[in-house]
Amino acid sequence: MKRAFIAALGVLLVALALYPITATGYGIRFMLQLFMWVALAQSWNLISGLTGYVSFGHVAFFGTGAYATGILVVTHGWHWMPASLMGGVAGAILALIIGYPCLRLKGPYFAISMLGLNEVMRVLVSYFEGLTGGGSGLSLPALHASVQIYYATGLAAVAVTATAFLIITSRFGLRLMTIREDEVAAEAMGIDTARYKLYAFLLSAFVPGVVGGLQARDQGYIEPMAVFPLLTTITMIVMALFGGKGTVWGPVLGAVTLFVFQELVWARFLYLHQVLFGAIIIVVVLLMPRGILGILQQRYQLPRTI
Amino acid sequence: MGVIITPAMVGQVVISGLLAGALYSMVALGLALIFGVMRVINVAHGTILMLGAYTTFWWFQLLGINPYLSLLVSMPLMFLLGAFLQRSMVHRVVDAPELSSLLLTFGISIALVNVTQYAFSSDVRSVEFLTGSFLVGPLALSKSRLISFAFAVGLTLFAFWFLQKTKLGKAIRATSQSREVAMVCGVNVQRIHLYAFGMASALAAAGGSLVAVIVAIQPEMGQVYTFKSFLVIVLGGAGNYPGALLGGMLLGLVEQLSSLFLTTQVSEAVAYVLLVLVLLLRPTGLFGGRST
Amino acid sequence: MRTAFRSVTGLATALVVLAGSWTPASAQAPIKIGASLSLTGTYAALGQNQHRGYQLCAKHVNEKGGVLGRKIEFVLYDDQSQPATGVRLYEKLITQDKVDLVMGPYSSAITEAVANVNEKYKMPMVAPMASTTSIFKKGRKFIFMVQSAAEVYLEGLVEMAAKRGLKTIAIINEDTLFPKATVQGTIELAKKNGLQVVFVEAYPKGNPDFSAILTKIRAANPDVLGAATYFDDAVAITRQMKELNVNPKMYGVTVGGDLPTFYQLLGKNAEFVYGATQWEVELPYPGAKEFLQAYTMEFPGRDLSYHSAGGYGGCQVLVEAIKRAGSLDGEKIREAVLKLDINTVYGGFKVDEGGFQISHKMVTFQWQEGKKVIVWPDELAAGKALFPTPPWTRR
């Protein structure tokens, strides 16, 4: 069973690697954005799925990475690849600065503080217009690199999913989940909860930063409202939830299902697709909070490493 | 390219800040009620405010009568909507981890906003009723804001009286403090949740009706009020009802003063930085609140 | 019973499959023009106006027999006012839906983002709703501007002020791409016309309370106040100016001041306000009156603004270019557009090598007795400006 799964996975990865040869421009853009969502949902999973601390402003790392990359490319002439990695570093640094104090807050307060963080980043970016272009946005020099970005984003998605797998199958992961289940007990057992939470938080902020940078390069133009929207945070959360947070493949499943569904089905309903999205959120929260894999895990006693 | 700031100017914006602050306080009180009683973070709060504003708009558009009278319609109407939402969906995420209530109310919000957009179109509306101001020396007191200030203060005081003096109000406060003890004392907690959500929605609707005369009405107008209500709750302390009052006034003042002494662009940032600072340094709120 | 059921479902399935695979076997397949519009989200109101402009143009063109013997058909998606979605949708339109041509989306910000896409595929794009100069000065070859640039929106206000001997000007703006460009341009124009800029401040998008900024302006006491706005802020600022008793001798807004709803919402308080508009129905452009009539008939009660006319005019430009090029080839159409010097319902259209608009004129109007009276430039003016604007207390 396990071998068949790994073989199928291998075939899938090869297919994805070969896809750009026959794909249309739209196909590449579509898949690249799909990879982005997988990466985002999975990153959110690393902190919120595993520790239970709801990062309600996770797109802040995405936006920060986008701007860090944009500034490096435009003002300092960096190539987008190292610039995107620096975007990830920028995200991680932000997580370090803000995580250290914020992770001490309890549930709802942490969520609200993350929301506040996102807004703070957005207005800070608007304020320092000499650096970021402010409300006018930042334009990168024209470059048609969609195929390379496709591979880079795909790599990011694979990397973060692999990270999720490694964490969940490790003691580190177990400790994180203990924190999720009962933080007081975890402390009592001698787990340095502050440190572990911070590690998870740093890891969860790196990939969104990278992916933000890659998106900045791909779009060629970013502005504060486009890279710090609450809707993006919500979407990545719903994707992770739908597939099953706290699992390895849940966020992947959720991202693929919802993104494909959105593009194929409800983009047709010009005016009502947001209502449908709202309805889906309600359904997921009320009827399937554990997500598909969560439900399957329980029903069929599937291993934790799903 | 700056201007010299005179005391009269400071006085002017302080007044503007207080007038706006009273409104924030009233709306935030609603949010505080929901969080205090049910531990639910209601992201749809601003959306209810928006619906209240639209109610006033249509009232004025179709009937042409004094829009302030529409409070008599918007408040009960949204009370019912709030009660309905609580009964049908929100009651299931009471006591659930905050993620559930955040997402659920967000889903409700997005659905309502888009239905409104579909039904009423995105065209910007407004209620043109009372413009101009009373000029008192160098200070200008906007008529419409004064009236909404008066109503906001009145409604908030009424809400407080209600919470302090009536049986239902006391039951709500009791449930806020400790649900178990309240149940032991014979309080029907389910019913309390219903009333609290309804009351909170009525307060939000009142906020909407009052701003309908002041700002532009459009389906997405609610989000900023939701955020501001969050800010007020954090400043005042979650579940701390008097704290919400003071927090609202404080927010109004901070916004206006930073807009005056710095720039309007920055005043937005100041409010959020304040949020994060308060959360980090005094999570129970500046005016002391529940410590959970 | 079971067999009957089976055959009915079998028949139904066959019909569905047949319907799905049927393609109209016409040699006159319509020319597909793709675009993404902001039908929901922040720009929804104006995106929908533009949408109606596109739709009406297609209808009229087809009624006259289409172009190159074929009808035109718009393939439209909603970009939800998001640049990233717009980019993806244009890729879809070009590479998957395989449209023949594209037209621009709403707003400078989204146009800037999607301009890279049509440039990549060398597909010409007439972009009627982008007025930010920088988009058209990046060496792009396949994008064409229809509007007058953001930088000159307040040109009329500044010139009229200078002519009347006014000395100081304050400028406020929403902190987004287009208004910021307007401010830059206005500052240049002020310098050129001898006006001193005494106060400049930006406010965040969606800001509802202008007390502080207006209090500062009142203290600075400028002769002229120029506000680079969109709609909500234009209304809010005007109202709050009255409340705070701010009385410049001339006060003008940019986007939003021209909408009928502006006057409906403000009533008498909108009097004396100057506005800049890319288009007014009174302007003597060919077909403008017919456009108005047809629009009101086709979309009763719906908003009409220069966005509708711009959408319509932009589509006219493209159709004319197709006609002159005699083909749908990107390069040929590009050459045809570069040679155009025509008047559409929207006004003059002529672009320079980079696609930047050089013939379209902005007009400045003033609300007088509930009507927009064009007061600048002189050659298009229908009346004189009521100057100076009387203080609020004396109206």
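Start with both chains on screen: chain B and chain A bury about 3,500 Å² between them, 83% of it on carbon and sulfur atoms (buried area being the accessible area, 1.4 Å probe, that two parts lose on being put together, summed over both). Keep in mind that this is a predicted model, where local features need pLDDT of at least 70 and side-chain atom pairs count only at pLDDT 80 or more, while totals for chains, interfaces and linings use all residues. Residues are numbered from 1 along each chain as its sequence is written, and side-chain values use heavy atoms, with hydrogens and water left out.

Now select the contact residues (heavy atoms within 4.5 Å): 36 come from chain B and 42 from chain A.

Next, zoom in on R122(A) and E268(B), whose closest N and O atoms sit 3.4 Å apart in a salt bridge (a side-chain nitrogen of Lys or Arg within 4 Å of a carboxyl oxygen of Asp or Glu). The count between the two chains is 1.

Colour helix 4 (98–120), helix 9 (222–236) and helix 11 (264–281) of chain B: these elements each give two or more residues to the side that touches chain A (helices are DSSP runs of H or I, at least four residues; strands are runs of E, at least two). Helix 4 supplies the largest share, 14 residues.

Last stop: strands 1 (133–136) and 2 (139–142) of chain B, antiparallel and joined by 4 bridges (pairing takes at least two DSSP bridges). Here V136(B) stands opposite L139(B). In the hairpin, with 2 residues between the strands, click G137(B) to find a positive phi near 65 degrees.

Note on methods:
Chains lettered and ligands numbered in written order.
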